[in-house]
Amino acid sequence: MCARCRRAGRRRAGASRCGVAILAAIELRGLTRRYGERVALADVTLSLATGQTLAVLGPNGAGKTTLLRLLATLLRPHGGVVEVLGHPLPKENWAVRGRIGLLGHEPLLYRELSARENLALHGALHGVTGTRRSEELLAAVAMERRADEPLRTLSRGMVQRVAVARTLLHDPALLLLDEPRANLDPAASELVEPLIGRASGRTRVIVSHDPAGVLAEADLVLGLVRGRVALLAGAAELDAAALTELYR
Amino acid sequence: MSAPGAAVAPRTHVVLAALLRKELRVELRSFEAVPAMSLFSVTTFVLFHFALSRNTLSGDLASGVLWVTLLFAAMLGINRLFVADAEQGGFDGFLLSPADRSALLYAKALTLLAYLVVLELVAVPAFALLLLGPALWPALPGLLVVLALGDLGVVVIGTLVGALAVRTSVRDLLGPMISLPLLVPVLLCAARASSPVLAATRAGPLPLRWLVTLALYDLVFGLITFAVFDFLLED
Amino acid sequence: MIPLHDAVPYVAAAYTVFFALILLYLAIMSGKLGRIERELGELTELAARRGAGAGDRDEP
Amino acid sequence: MYGKRLRTLALTTFAALTLTLVLAFFWAPNDADQGFLQKIFYIHVPLAIVTLCGFIYGGVAAIAHLRTHDSRWDMRSYVAIHLSLVFGVGVLITGSIWAKGSWGVWWDWSEPTLVSFLLIMLLYATYQPLRFAIEDPERQARYASVFAITAGAFVPINFVIVRLSTAYLHPRVLGNVSANLPGRFQVVFYLSLVSIALLWITLWRYEMTSKHASAQLRALRRLLAGEDEEQLPRRSAVPTLSLETASAGSAEGGGGAR
């Protein structure tokens, strides 16, 4: 039972709702999301067990980012059932927020503030007390030396590393990564691997345009074309050819 | 492999303090809003001097000029209020956290109030120096009361309209276009309330009728803003 | 109390403005109706072509 | 589904309006001090009242939209405000004609209804630009509803405060003219109020029917032409109806409207 559910007075014993070892980290049944009259996501159904990695592939505008933002409780589903970390969305957004780490194209950091100040703000928003965790992460992404300079003076790669530290500051149970390796040079990629890579042991959803690369890390692969599920299979059964066919 | 325990949901005042610290730092380092507002107000007084070709003002005219200037200077603050959050992903960063949504409303309202107070620290003395006929000192206590209530009105409407207009394509136009009509009652009550205080002969008493109306207006729109603000964030 | 014949033009003006406004509004709305009608025409034609093209299913 | 009772509604409105005109001009006596000019009163004041109620209904529909996330409420709010804006223009013009007739000036700051109406129109004139400035249809609808609620609350408050300020200057007799009208005036006034309200409702349903028809037309086009051929939706302030909810609730739609 996570701390928040206990505090919220959830006494229903044995409820799968927030049992610690919940089976499926993500459960989608017939998920739909519209953009005005057009469909952004139509009838997406999948189940991702805790600790596994889902790779989401597909041409631009297929709804990959929409799916990611929806899982991050930033977008409301228009239809279907969405359960993240055992909590149905959007009814129990509160229980899921703070347990999700979103790393997207935007670092979600203030350029005028330094890395430490940004992490302090993010920590306060998430109820993370003390600076032990943020110092640890700054060291992990090798940014502790330039942690007090405003971010606007840092390079895009460095900001992305601080963004990785932000994503992990509140120790999320689920990582949502939108092309995490963009803007990262090989050395930096190596550095963040234990944090957001397979080695981190967290449940992950990765949106990527590099089928071969992501195939190695994924347990489950979802192919989206114009918002519809074009392909949903275990990574083992797929090869790069099937994936490139997706982009034709 | 148990799911890592979630951090307990943060208490609102902790979040509020963090947001205010951020606002203070961002403003002190980028100096976007406050200097512009203060300079704008002094320049506007000079414009009024030439436009009305009057060396000193008092009574209705003085309070009118003062309040119109403060209102337009406030427009600059309202336009800048949410820009940093909209452009640098501040909204998403905040929405991802379990923090209470209205903490952002309180933080932004207090920030706008701080903008206005600093603005008035510059504008009111400048006004007294440049245009005000009667002495400022006897009028100051009454004027401060009206300024306080007027600022509340501007803060309530400004925060709501600032959030409404910031993520649109014509934000600098839409902000003032929507907030000015909504602020007319605030301007009306504030100007009527402060005109006897700035009277030429002796600083007269504050008209209670306008103060009460202004306070009620602030209260009603404060409740409305509180009720609808969250809908501006959720997607 | 302004004399009768002075008042008539104002009253007439007010009522004509009222009706003119309503008629203008109806004109705009009928423009929209025209557009809907034209688009429907296009679609029925598309459906007919689609129906003929398919050939096997008998279109209702 | 909105067109069902439209014809009967239109006929009743037509009958009510003609009856009002006939009674206003041939049955009601001339006013003691305003004379024949007072006839404008039968158009101007009911139009103002109906327009204000239209704006307030726009706010109520917006509240329903925010609570239920149902795009039909957003459409109702949009059409109500759009129509009230058109009526509001009528109020301002007839008001200034009346001011010209009775006080010799096209605009009179001491007439509270005119002043507060100008303010309300200035505020609601930003409704369309606000909608047009937001591209994402979902967010457009939500921001428009937030605006409609705030502006809807502003309408009565502003009416009171402006009346407070002008009456404070020099009280006008016109303030409560509709209250102490002798018999015949009162009958014609309320009849006119009812008929203009009916007119507003008829036009509202008429526009709802038209908007709903074009929404279904676009859906039909998507079905026939398939997804890809459909070009990017051009930006518009008009709300988009998500038809699943709309068609699903068609039975309710007819009854529930207004």
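Predicted model: local features only at pLDDT ≥ 70, side-chain atom pairs only at ≥ 80, totals over all residues.
What share of the contacts in chain D with a separation of 6 or more comes from residues 24 or more positions apart? The figure is 80%.

**Chain D**
- Chain D is built with 9 helices and 0 strands.
- Following the sequence from one end to the other, you read the pattern α-α-α-α-α-α-α-α-α.
- Of the 258 residues in chain D, 46% are buried.

**Where chains A and B meet**
- On this interface, 40 residues of chain A are in contact with 32 residues of chain B.
- On the chain A side, α1 (3-7), β6 (100-103) and α4 (115-126) each supply at least two residues.
- The element that gives the most to that side is α4(A), with 6 residues.
- By class, the chain A side that touches chain B divides into 22 nonpolar, 8 polar and 10 charged residues.

**A helix pair in chain B**
- Helix α1 (residues 12-30) and helix α6 (residues 101-130) of chain B have axes that come within 9 Å and cross at roughly 40 degrees.
- The crossing of α1(B) and α6(B) is right-handed.
- From α1(B), the residues T12(B), V15(B), L16(B), L19(B), L20(B) and E23(B) take part, and they meet A103(B), L104(B), Y106(B), A107(B), L110(B) and T111(B) of α6(B).
- This contact of α1(B) with α6(B) has 9 nonpolar, 2 polar and 1 charged residues.

**Helix α6 of chain A**
- Helix α6 (residues 156-169) of chain A has 14 residues, which at 1.5 Å a residue should span 20 Å; the end C-alpha atoms are 20 Å apart, so expectation and model agree.
- Because 10 of its 14 residues are buried, α6(A) is largely enclosed by the rest of the structure.
- The buried residues of α6(A) are Q160(A), R161(A), V162(A), A163(A), V164(A), A165(A), R166(A), T167(A), L168(A) and L169(A).
- Among the elements of chain A that cover these buried residues are β6, α4, α5 (132-140), β7 (174-178) and α7 (186-196).
- After α6(A) comes D171(A), with a positive phi near 50 degrees.

Note on methods. Residues numbered from 1 in each chain as written. Chains lettered and ligands numbered in written order. Contact = placed C-beta atoms within 7 Å. Helix = DSSP H or I, 4+ residues; strand = E, 2+ residues; numbered from the N terminus. Nonpolar A, V, L, I, M, F, W, Y, C, P; charged D, E, K, R; others polar. Buried ≥ 20, exposed ≤ 12 C-beta atoms within 10 Å, placed from the backbone. Axes fitted to C-alpha atoms, helices over the stretch in contact; angles between N-to-C directions. Left-handed = near helix turned anticlockwise from the far one by under 90°. Expected span 1.5 Å × (residues − 1).
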